[in-house]
Amino acid sequence: MRKILLGTTAVVGAALLAPAVAEAQEAPTVRIGGFFRAYYGNTQQSGRNSTVPSGLATNTSGATANLAQSPFSIAGTTNPTNPSVPTTESNVGTGTGQVARLSKNDFSTDAEVHVFVNGKTANGLSYGAVVEIAFNQQEGRNIVQQRASTGKTTASIDEMYAFIASPMWGQIRFGDEDGPVGGLMNSGVITNFGTGGIYGDRESFVTRQANVRTTTSPGSLGDNTKIIYLSPQFFGFDFGASFAFNYNEGEDTGCPSNQSSGWCDTSYAFTGAANFGIAAAGPNQSVRRNEYQGAVRWRGSLAGVGLSVTGGYVGSGAAKELSPLNVQRSVFQPLGVWQVGAQASAYGFTVGAQYEHGASNFFWGNLQKGDRPMDQFFAGASYTVGPFTVGGNYLIQTVEGASRTTFGYNAAGALTATNNAAGAAMMRRLGYGIGANYRLAPGLDIVAEYSSYTVAERGRDLDPSNPGVQDRNTAKVFILGTRLAF
Amino acid sequence: MKPALLAFVAALPLLAACGGENQRLVGNDEYGDWRQGRARNRPQGASAGIVVFGVDKDREAREAAASGGGSGLSVNAYLWRATLDTLSFMPLASADPFGGTIITDWYSPPSANGERFRAQAYVLGRQLRSDGVRVQVFRQTLDHGQWVDSPVSVSTNSDLEDKVLARARELRSQSASR
């Protein structure tokens, strides 16, 4: 096995580095690019309420005390962090509670600065690196102490990778980058209008209540550190494949301590793994292990109509649950999603559709054992005339909402699996976006967009902060703003 | 399963090389950019962004193409046209669009008898830049029926160069607005 691996590596290496046509060597160039955008957003969202804090970081000197709501005493309260404050409708008493509406209006800015290095060797290999610096690492300002905080606009790295490419053998990308299925080679995902419609910047305005924020877009499959092979195009076909060991990115092992916890992305088993099917907000940490993607794409034109068709598959394993009794048990299904998409463009019109099916949760998370697979259909169209582009897109997804099984530990420390009655119905997530942009100058756009996204699951309360059962939640966002790409 | 998968992965580039003449490298800008689709509408891949270090080959190629790369000129077409225009008040002795040289014959302005001028202009490259043209003016005065070389005022050469550049700019803005 190891011999095969070594052998093939040598062959591929030799093939890649073999001198092709003698070409002039080009000294590397360094380019700066990126974008800036500023939007006004008006949001109407179910459950968009300010309720009591559920564990806000506080410190002894009281630096953040003024950010939290003042505690008050009420009979029968069970807030674990602040026993005098109720957390859910069940302990609010008569259901009046501390609930206030959030503002519907907001501005949102974002920017990225991209550094591109490109060069060419004497034998015709092109090489380079891309480093994308983003400024949206944190969803809110993180205040640790009175004078110790990290800003919301803290710089971080979005993607960074190096590549080496030859016309004969294709391209290898190595680093934090999307995979062939997760953004590089998709067809039919029409987002070239407004901010991208249902896959656009609407998430910047939607709060996390009721989960009407997150869509399962190709890009959200993740830019975890991977190695990617992208073939040359021949007879209209090209294909790509990628592999990643886990879901994390960047330097270091991803294990900040010597414990085998969910915060260690190389751990194959840890206690509480059942909670990490979907990455925790912020860090790219989930149980996804050994992720592989493969995609084939055909592009061509028939009677003046440009066509593109892609089929692909993403799969991965999952970390296991480790009980206090040192027993490892698999609680997740392998990730495995098929994807097929097609688009056609002519006379300024582009129409496309994509279908995905397979074992995945709503945000590319591994399904728990016994859960049903995800189905997603996406369709979109756009029309460009002169400086104007208008378009719309639509998606519908059925996915396991509440998991059908609840995993836990009994008093003896053994893993238990109990049937979850709330998991009987499938969750439906559907949305649409319509938008337009006007190009003022190359790279400078005025954009306007309206989108609506609904999450529904029969019989399940998706907004526990409010009294009653809300089994259907919607977020509608109107965006008006400008974007400059440079 | 795993060895088969590995073998498949290893075979991918070998398979890719079977395309022969129908094969080409897929440009970096032909892959999706999934930063929520936001960084669209700009050149991607090797020509993304603004060069801060190194030679901008794309820009050179672009400017060469814009300035008539296909018209048989090996120098910047705007500068070439502008030089011809500017020196058109003098009779032309020779013009070599490949070398970028324009040499005029002797010319005596009607207002100034007993004085004649000749100019040599060099267009220096494909790029439209302020140091892309050199003009050298020669002056002779009639002294006892004999033409003798005499000095030219220092600003004459640079004044003419400025005129050429201004005209080139005019030409470029005209063609850009079309």
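Strands are DSSP runs of E of at least two residues, numbered from the N terminus. The model described here is predicted.

**Chain A: Glu251**

In chain A, A:Glu251 falls in the loop that links β12 (237-246) to β13 (269-270). A:Glu251 has 7 other C-beta atoms within 10 Å, and a residue with 12 or fewer counts as exposed, so A:Glu251 is exposed. Between A:Glu251 and A:Ala436 the separation is 185 residues in sequence and 39 Å in space, taken from C-alpha to C-alpha.

Chain B contains an open sheet of five strands, ordered β3-β4-β5-β6-β7, in which the pairing is antiparallel. Its edge strands, β3 and β7, each pair on one side only. From one strand to the next, the twist averages 15°. Within this chain, β5 and β6 are joined in the antiparallel sense over nine bridges. One of the residue pairs involved is B:Val123 with B:Val133, the latter being its bridge partner in β6(B).

| Element | Residues |
|---|---|
| α3(B) | residues 77-86 |
| β3(B) | residues 92-96 |
| β4(B) | residues 101-104 |
| β5(B) | residues 115-123 |
| β6(B) | residues 133-143 |
| β7(B) | residues 146-150 |

Helix α3(B) lies across β3, β4, β5 and β6 of chain B and runs at about 175° to β5(B). This helix is mostly covered, with eight of its 10 residues buried. The buried residues of α3(B) are B:Ala77, B:Tyr78, B:Leu79, B:Trp80, B:Arg81, B:Ala82, B:Thr83 and B:Thr86.

How values were computed
Residues numbered from 1 in each chain as written. Chains lettered and ligands numbered in written order. Predicted model: local features only at pLDDT ≥ 70, side-chain atom pairs only at ≥ 80, totals over all residues. Buried ≥ 20, exposed ≤ 12 C-beta atoms within 10 Å, placed from the backbone. Helix = DSSP H or I, 4+ residues; strand = E, 2+ residues; numbered from the N terminus. Pairing = 2+ DSSP bridges. Axes fitted to C-alpha atoms, helices over the stretch in contact; angles between N-to-C directions. Contact = placed C-beta atoms within 7 Å.
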